[in-house]
Amino acid sequence: MGSGGGQWIVEKRSSFRSEPLEVNVSETGCLSIVVLGASGDLAKKKTFPALFNLYRQGFLQSNEVHIFGYARTKISDDDLRNRIRSYLEKGSAKSEEVSEFLQLIKYVSGSYDTEEGFRMLDKEISLHEEFRNSTEGSSRRLFYLALPPSVYPVVCRMIKLCCMNKSHLGGWTRIVVEKPFGKDLDSAEKLSNQIGELFEEPQLYRIDHYLGKELVQNLLVLRFANRFFLPLWNRDNIDNVQIVFREDFGTEGRGGYFDEYGIIRDIIQNHLLQVLCLVAMEKPVSLKPEHIRDEKVKVRVSNTSLTHFSFPIMPIKDEEVVLGQYNGYRDDPTVPDHSNTPTFATVVLRIHNERWEGVPFILKAGKALNSRKAEIRIQFKDVPGDIFRLFSCLGKNQGRNEFVIRLQPSEAMYMKLTVKQPGLEMSTVQSELDLSYGQRYQQVTIPEAYERLILDTNYGRLQS
């Protein structure tokens with residue numbers, strides 16, 4: 001609107017909407033899931049079992065889905081099926097279900113850097129689509145890269161060149177790659193740019209499987225749906241935050257891959273840092289992935305002006321880092337004899353903002369330790385002027401309140417409280433309010449992280 005000659009002039013303007021309206025086209029075509037690196041450990045232990053569990057629960061229907069394995073190893077369809085069968089026949093899985101699922105799997109052997117194998121893969125996918133009578137433009141292709149990040153660019157080029165499908169009738173091609181990307185900022189940006197040049201952003205799904213864990217998914221609900229946490233979740237009440245990842249086994253044949261990255265790149269800079277951001281972030285304006293992502297980013301980077309950025313996470317002090325390597329690591333034939341790659345690390349991070357100033361975030365990760373667990377431990381400050389410290393059963397300070405979220409194994413969350421010991425005397429003891437998922441939700445099967453992320457990719461849902 002504007003004024004001229006004392007009169008209001010009404011001007012028709014284009015929409016202020018900066019993004020195009022989404023047109024929902026029903027997905028009627030068949031689904032082809034391609035596991036690249038099908039003969040590797042990740043595929044056998046995680047990807048195929050996740051697909052099998054989705055199949056058992058009815059999320060993948062045998063009349064619409066077919067699964068293709070692709071790798072350099074020259075084996076037959078039955079060879080691949082036999083390799084993964086033992087990883088599927090666990091728990092309550094029935095032998096008939098496993099056999100039915102395995103019949104959905106077709107194997108194609110080929111190189112990762114030449115067209116011949118990918119042309120053959122495209123031919124096999126197309127035959128499946130024709131068999132299912134999928135209309136051109138409606139079929140869906142999901143490529144899961146169970147591969148080292150170093151081969152992502154060349155594999156993505158081959159997919160783009162040989163295996164894309166038309167999508168004008170609701171079909172799509174989606175690429176799933178897993179973190180970590182690269183070894184440092186430069187290599188990560190280079191890798192991201194190389195893949196980004198080949199595919200549109202809605203086609204790319206960069207996953208961190210830790211975001212799919214049930215208790216990680218629960219973090220936002222715990223923090224922002226429970227009123228009693230809201231006034232406590234800050235530097236006035238919290239003394240420290242510990243985010244711990246422990247494994248009781250070593251590299252187990254993956255030493256060559258692990259030695260390129262080490263425990264910091266493999267675990268801390270992606271999995272544990274993602275969890276830290278969920279613990280430390282401010283409340284998002286909605287549950288849309290982009291709004292959650294914005295708040296997580298602000299934990300690490302914030303703009304102080306239009307042209308300047310600040311980094312709330314302070315530089316790490318040398319004296320607040322501990323590195324180690326377990327005895328026997330170099331015995332792995334795939335690990336160099338003189339490797340100094342850390343298999344254990346403790347790092348203290350400090351966030352310079354109003355909520356967390358002065359609260360240390362202690363990140364610990366290690367392999368071949370004496371126990372296996374992953375947990376978040378929120379330790380609260382001592383009660384000021386504690387009048388019960390002389391009544392402890394232990395004869396000393398009873399211990400701080402803690403809120404613990406155990407991510408794995410045996411998912412649980414519990415609060416450590418000081419309570420009166422039952423009896424006639426005034427005596428205090430520390431006890432727990434315990435929510436163990438295995439006991440509380442006995443009739444519910446907790447999904448594996450990979451199941452959730454593959455399903456979300458199929459439905460086009462973004463994890464943030």
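Predicted model: local features only at pLDDT ≥ 70, side-chain atom pairs only at ≥ 80, totals over all residues.
Local features were taken at pLDDT of at least 70 and side-chain atom pairs only at pLDDT 80 or more, whereas totals for chains, interfaces and linings use all residues. Residues are numbered from 1 along each chain as its sequence is written, and side-chain values use heavy atoms, with hydrogens and water left out.

A search of the whole structure returned 21 salt bridges (a side-chain nitrogen of Lys or Arg within 4 Å of a carboxyl oxygen of Asp or Glu). One of them pairs R400 with D239, with 2.9 Å between the closest N and O atoms. R400 is in the loop between β15 (373-380) and β16 (402-408) and D239 is in strand β9 (residues 238-246), so the bridge ties together parts 161 residues apart in sequence. Strands (E, at least two residues) and helices (H or I, at least four) are DSSP runs, numbered from the N terminus. R400 is partly exposed at 26% relative accessibility, and D239 is partly exposed at 24% (buried, under 20% relative accessible area; exposed, over 50%; partly exposed, in between; 1.4 Å probe, protein chains only).

In a further salt bridge, the closest N and O atoms of E247 and K367 are 2.6 Å apart. E247 lies in the loop between β9 and α9 (255-280) and K367 in the loop between β14 (360-366) and β15, so parts separated by 120 residues in sequence are tied together. Both E247 and K367 are buried.

E282 and R355 also form a salt bridge, at 2.8 Å between the closest N and O atoms. This pair links the loop between α9 and α10 (289-300), which holds E282, to the loop between β13 (344-350) and β14, which holds R355, 73 residues apart. Salt bridges with shared partners join K373, E375, R377, E402 and K416 into one network.
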